[in-house]
Amino acid sequence: MRTPQVVVVMGVAGTGKTTIGPLLAARLGVPYAEGDDFHPQANIDKMSAGIPLDDADRWPWLDAIGHWAHGRAGLGGVVSSSALKRVYRDRLRAVAPGIVFLHLTGDRRLIEERMSRRQGHFMPTALLDSQFATLQPLQPDEAGVAVDVSGGPEEITERAVRALSALPDTAGSSH
């Protein structure tokens with residue numbers, strides 16, 4: 001029996017983290033946590049004003065996500081977090097060593113088009129450039145998979161489930 005994974009759904013704004021995350025959690029039968037809910041109000045105010053967060057803003061947010069993920073170790077869970085830089089993913093892994101990443105990737109034009117149709121989200125499309133500039137894709141030594149976001153939500157979720165199921169069972173290493 002495979003140990004339930006704790007999956008961090010990562011990627012730039014507009015890739016569908018908050019759409020795919022809950023769908024993936026439902027497919028895996030585990031809870032979903034919205035990464036944006038872990039932001040302190042000061043971060044939300046900054047982003048709403050079009051000001052990118054700096055690393056000092058991100059550490060408490062990443063630690064809060066990491067603690068949630070750690071609490072789900074062995075139980076499974078899905079949480080969204082842009083996790084654009086390796087150092088951010090290292091910070092998450094420091095708190096929750098068994099997590100795996102699902103990197104939602106896609107063509108910039110597709111992502112920008114999807115973002116322009118969104119209502120009531122605090123990430124202006126102007127910040128998309130800074131997100132792509134910041135993005136450091138998963139490295140070969142990082143547990144995780146990259147999944148393309150073309151197609152509909154169900155198709156992307158199915159692609160994610162297949163890719164994640166092909167990962168080695170790192171969480172249950174007490175065989």
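1. On aromatic pairs, the count in this predicted model comes to one, under the rule that rings of Phe, Tyr and Trp (its six-membered ring) pair if their centres lie within 6.5 Å, with planes under 30 degrees apart counted as stacked, over 60 as edge-to-face and the rest as tilted. The pair is formed by Trp 59 and Tyr 88, which are edge-to-face at 5.9 Å centre to centre, with 75 degrees between the planes. Trp 59 belongs to helix α3 (residues 55-71) and Tyr 88 to helix α4 (residues 86-95), so the pair ties together parts that are 29 residues apart in sequence. Helices (H or I, at least four residues) and strands (E, at least two) are DSSP runs, numbered from the N terminus.

2. As to accessibility, Trp 59 is partly exposed, with a relative accessible area of 22%, whereas Tyr 88 is buried, at 3%; buried means under 20% relative accessible area, exposed over 50% and partly exposed in between (1.4 Å probe, protein chains only).

3. In strand β3 (residues 77-80), Gly 77 and Val 79 point one way and Val 78 and Ser 80 the other way, and all are buried.

4. Strand β3 pairs in the parallel sense with strand β1 (residues 6-10) over four bridges and, also in the parallel sense, with strand β2 (residues 32-33) over two bridges, where pairing requires that DSSP finds at least two bridges between two strands. Val 78 in β3 stands opposite Val 7 and also opposite Tyr 32.

5. On conventions, residues are numbered from 1 along each chain as its sequence is written, and side-chain values use heavy atoms, with hydrogens and water left out. Because the model is predicted, local features need pLDDT of at least 70 and side-chain atom pairs count only at pLDDT 80 or more, while totals for chains, interfaces and linings use all residues.
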